[in-house]
Amino acid sequence: PKPIRKGRLSIGFLARLVYYKFGLGFPLARIVALLGAEGAQFSPGSLCGTLSQLGKLISPLADAIRRHNAADPHLHADETSWKVFVLVECKTNHRWWLWVFVGSDSVAFHLKPSRGRDVVIEHLGLTRNEDGRLCLPGGRELLLSSDFYTTYQSLGAEVAGIDNAWCWAHIRRYFLRCGEGHIACKGFASAWVERIRALYSSYRRFVSAEVGSKEETEAIGECRLVIAAMDKARKAQATDEGLHEAARKVLATLDHEWSGLVAFFEHPGIPLDNNVAERHLRRPVVLRKGCYGSGSLASARLAADAWSIFQTHELAGWNPLRGLESFLLASARAGRALHEDELGAFLPWQAGEQAPSSFRSAPP
């Protein structure tokens, strides 16, 4: 059976086409050249049309992943720019934004023309309560790990049920830039970088220790001592009239975001930074350097869908290529896009141990 009706291309070819482009980051021109070296002549236009048709088949699976991801009690969030070369009403440029939300067992991508908070509101399905305040559906609570972008700050301050956990890697960069940009701040910045290094060191020992063990108690006690020393230092330096203005600005950021930076005490086990989300954006960024972006709305949608599926499957230890092949085979046998109640075998949290063993084989 063929996923694309009256199509010439096999399931294996179609799965590899999507995997090579979005899983491995090959621009379409490079895929055409690779096929040509094997003696198969394809025009870029033909493959673009094929990808557009495939997008309609895989979008239900990506949407199911996004719905599940939005209900996760802890999400890492980040965004990066992405070009979409289409004309959109009321938009003067081609700069769009690729958003990622990483949960415990799913990864959800969105490609949107805006970097505003409406994207997060839409993804989380926020509603308004009787007082007109935004809240999570069903009275859920969410811990949102992110950088200091104002969208995340405003949602944490305004939305009932959302708490922010800020990224120590980002505040560390602020200190590094301060020291690199101003000779007078070099010692100030180095001291703070060392304090943050000590925090990471003690926190690693805490999360790697056996629960309830003596090592765990000692490590969390050490974390509290490091944080107490940081707290004392920031308050003392804030009153230093001789402090450089650049250092004062970094301390102001540290002071403003302090409660989110120490949120890990209330939520043991969460990472100190948002590097999880940044790592999941790395593959799209590599592809962006090779192809600059998407040439159509269908291509933009397919990109976000493919990354959502591939990275969710990889998070579960699945082979993304084998998973996509099986999914396209099921779609071909059905002769249409699969319905929501037919997707369970391709969602790791539903399939569980019932997933085919080929899903767990090493990637090719």
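Q: What share of the 364 residues in the protein is buried?
A: In this predicted model, buried residues make up 49% of the 364. To count as buried, a residue needs under 20% relative accessible area.

Q: How many helices and strands are there in the protein, and what box do its C-alpha atoms fill?
A: You'll find 14 helices and 8 strands. Taken along the principal axes, the box filled by the C-alpha atoms is roughly 75 × 50 × 45 Å.

Q: Which residues of helix 1 and helix 13 meet, and what classes do they divide into?
A: From helix 1 come I11, G12, L14, A15, R16, V18 and Y19, and they meet P320, L321, R322, L324, E325, L328, L329 and A332 of helix 13. That contact divides into 11 nonpolar, 1 polar and 3 charged residues.

Q: What makes helix 1 roughly perpendicular to helix 3?
A: Helix 1 packs against helix 3 (residues 44–70) at an angle of about 95 degrees, and their axes are 11 Å apart. Angles of 65 to 115 degrees count as roughly perpendicular, so that's the label for helix 1 and helix 3. Here F13, L14, L17, V18 and K21 of helix 1 meet L47, T50, L51 and L54 of helix 3. Sorted by class, this contact has 7 nonpolar, 1 polar and 1 charged residues.

Q: Why is strand 1 described as mostly covered?
A: Strand 1 (residues 74–84) has 11 residues, and 10 of them are buried.

Q: Which strands run parallel to strand 1, and how many bridges join them?
A: Strand 6 (residues 142–146) runs parallel to strand 1 and is joined to it by 3 bridges. In that pairing, L75 stands opposite L144 of strand 6. Strand 8 also runs parallel to strand 1, with 2 bridges, and V84 has S294 of strand 8 as its bridge partner.

Q: Why does K6 count as exposed?
A: Exposed means over 50% relative accessible area. K6 has 88% relative accessibility, so K6 counts as exposed. You'll find K6 in the segment before helix 1. Its phi is near 65 degrees, a positive value in a residue other than glycine.

Q: What makes Y292 count as exposed, and where does Y292 lie?
A: At 59% relative accessibility, Y292 is over the 50% cut-off, so Y292 counts as exposed. Its place is the loop between helix 11 (275–291) and strand 8 (293–294). Phi of Y292 is near 75 degrees, again a positive value in a residue other than glycine.

Methods:
Residues numbered from 1 in each chain as written. Predicted model: local features only at pLDDT ≥ 70, side-chain atom pairs only at ≥ 80, totals over all residues. Heavy atoms only, no water. Contact = heavy atoms within 4.5 Å. Helix = DSSP H or I, 4+ residues; strand = E, 2+ residues; numbered from the N terminus. Nonpolar A, V, L, I, M, F, W, Y, C, P; charged D, E, K, R; others polar. Buried < 20%, exposed > 50% of the residue type's maximum accessible area, 1.4 Å probe, protein only. Pairing = 2+ DSSP bridges. Axes fitted to C-alpha atoms, helices over the stretch in contact; angles between N-to-C directions. Parallel < 35°, antiparallel > 145°, perpendicular 65-115°, else oblique.
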